[in-house]
Amino acid sequence: MYGWIWRHLPGNAWMRALISLVLVLAIVFVLFQYVFPWAEPLLPFNDVTVDQGMGGPR
Amino acid sequence: MARTDHDERRDQHPGPPATPSRRTGRGRVAAAIAVFGELLITAGIILALFVVYSLWWTNVLADREAKKQGDQVRRHWARQGPGKLDTKSGIGFLHVPSMHNGEVLVKKGTRTETLNDGVAGYYTKPVKSAMPWAEKGNFSLAAHRDGHGAKFHDIDKVHEGDPVVFETRDTWYVYKVYATLPETSKYNVDVLDAVPKESGRKRPGRYITLSTCTPVYTSRHRYIVWGELERTEKVDARRTPPKELR
């Protein structure tokens with residue numbers, strides 16, 4: 001998969017390394033900005049209040 | 001990667017190899033396994049990034065937001081003369097010296113969106129919190145243990161006898177911790193009662209309840225700290241903090 005991407009990037013090795021870096025940073029940005037904030041409330045790690053179960057506030 | 005394996009294998013077997021169809025079949029399996037392995041590595045990296053996000057990045061964002069909202073409340077106090085209290089933007093600041101986390105803005109409600117801004121919230125349900133200035137009742141608060149400012153991270157460092165100070169525009173409310181409950185069910189809403197019986201108190205009084213999740217990094221149980229109002233102090237012109245905070 002990664003080998004395939006590497007072979008399909010244009011330019012020489014330096015150019016490819018630079019494009020790869022930009023791609024990695026773009027993916028990390030999308031994860032931190034959109035994917036993780038969406039996923040976090042769905043995971044049971046951060047409920048701090050006491051409540052009455054499913055009916056109560058979460 | 002798959003192609004290299006495949007090429008090497010071909011190099012190692014010069015001369016008439018097995019049937020061509022079998023060779024490409026094996027190459028395909030190797031390629032599929034390689035892709036599967038890379039997907040697993042990718043999943044691992046994404047999970048590691050999620051940990052970084054939850055335990056570090058949410059704190060950065062929440063602390064920034066809490067600072068902004070806190071400054072806004074203080075500016076508001078400085079500008080506005082005596083009058084109706086604005087509960088929307090925050091009612092005051094909580095100071096718990098044994099948690100070493102500075103001041104925590106307290107806002108209305110314990111919804112996730114509120115608490116995620118790095119503030120503590122007072123309960124509106126399931127048991128409505130009393131306000132500190134009320135004659136009797138329980139001022140009940142919740143905040144995050146980890147991530148999103150982690151304002152109650154060091155709740156386990158709070159022991160009996162420690163001061164908890166709540167600051168409003170005009171008054172310092174000095175509470176003293178008299179009981180802790182290191183682990184209780186998340187459905188135990190009785191801890192928020194006006195007279196929290198589990199803490200050992202039987203008579204109406206002016207109590208404060210801090211709640212967060214425990215053990216750290218999970219939400220399996222709840223950690224509770226109870227305090228009782230010891231005295232109040234008028235805020236002076238220079239906002240000199242009470243001696244517990246000096």
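Where in chain B is the place of Cys213(B), and what surrounds this residue?

Analyst: This is a predicted model, in which local features need pLDDT of at least 70, side-chain atom pairs count only at pLDDT 80 or more, and totals for chains, interfaces and linings use all residues. Residues are numbered from 1 along each chain as its sequence is written, while chains are lettered from A and ligands numbered from 1 in the order in which they are written.

Cys213(B) lies in strand 7 of chain B, which covers residues 206-214. Strands (E, at least two residues) and helices (H or I, at least four) are DSSP runs, numbered from the N terminus. Cys213(B) counts as buried because it has 27 C-beta neighbours inside 10 Å. A residue is buried with 20 or more other C-beta atoms within 10 Å of its own, exposed with 12 or fewer, and partly exposed in between, the C-beta atoms being placed from the backbone.

Residues are in contact if their C-beta atoms, placed from the backbone, lie within 7 Å. Not counting residues up to four places away in sequence, Cys213(B) touches Asp47(A) and Val48(A) in chain A, together with Arg145(B), Thr218(B), Ser219(B), Arg222(B) and Tyr223(B).

An unreviewed UniProt entry lists Cys213(B), together with His144(B), under "active site". UniProt positions follow the numbering used here, feature names are shortened, and annotations may be inferred rather than shown by experiment.

His144(B) is placed in the loop between strand 4 (137-142) and strand 5 (163-167) of chain B. This residue also counts as buried, since 25 C-beta neighbours lie inside 10 Å. Beyond four places in sequence, the contacts of His144(B) include Asn46(A) and Val48(A), as well as Leu115(B) and Thr212(B).

The contact between the chains takes 33 residues from chain B and 22 residues from chain A. On the side of chain B that touches chain A, the elements giving two or more residues are helix 2, helix 3 (112-115) and strand 7. Helix 2 of chain B gives the most, with eight residues.

Strand 6 (residues 171-184) runs antiparallel to strand 5 of chain B, with five bridges joining them. Eleven bridges join strand 6 to strand 8 (residues 221-234) of chain B, again antiparallel; two strands pair if DSSP finds at least two bridges between them.

Finally, confidence must be considered. The mean pLDDT of chain B is 87, and 88% of its residues reach 70 or more; pLDDT is the predictor's confidence in each residue, from 0 to 100. Over residues 1-13 of chain B, however, pLDDT stays under 50. Where pLDDT is low, the predicted coordinates should not be read in detail.

Notes
Contact = placed C-beta atoms within 7 Å.
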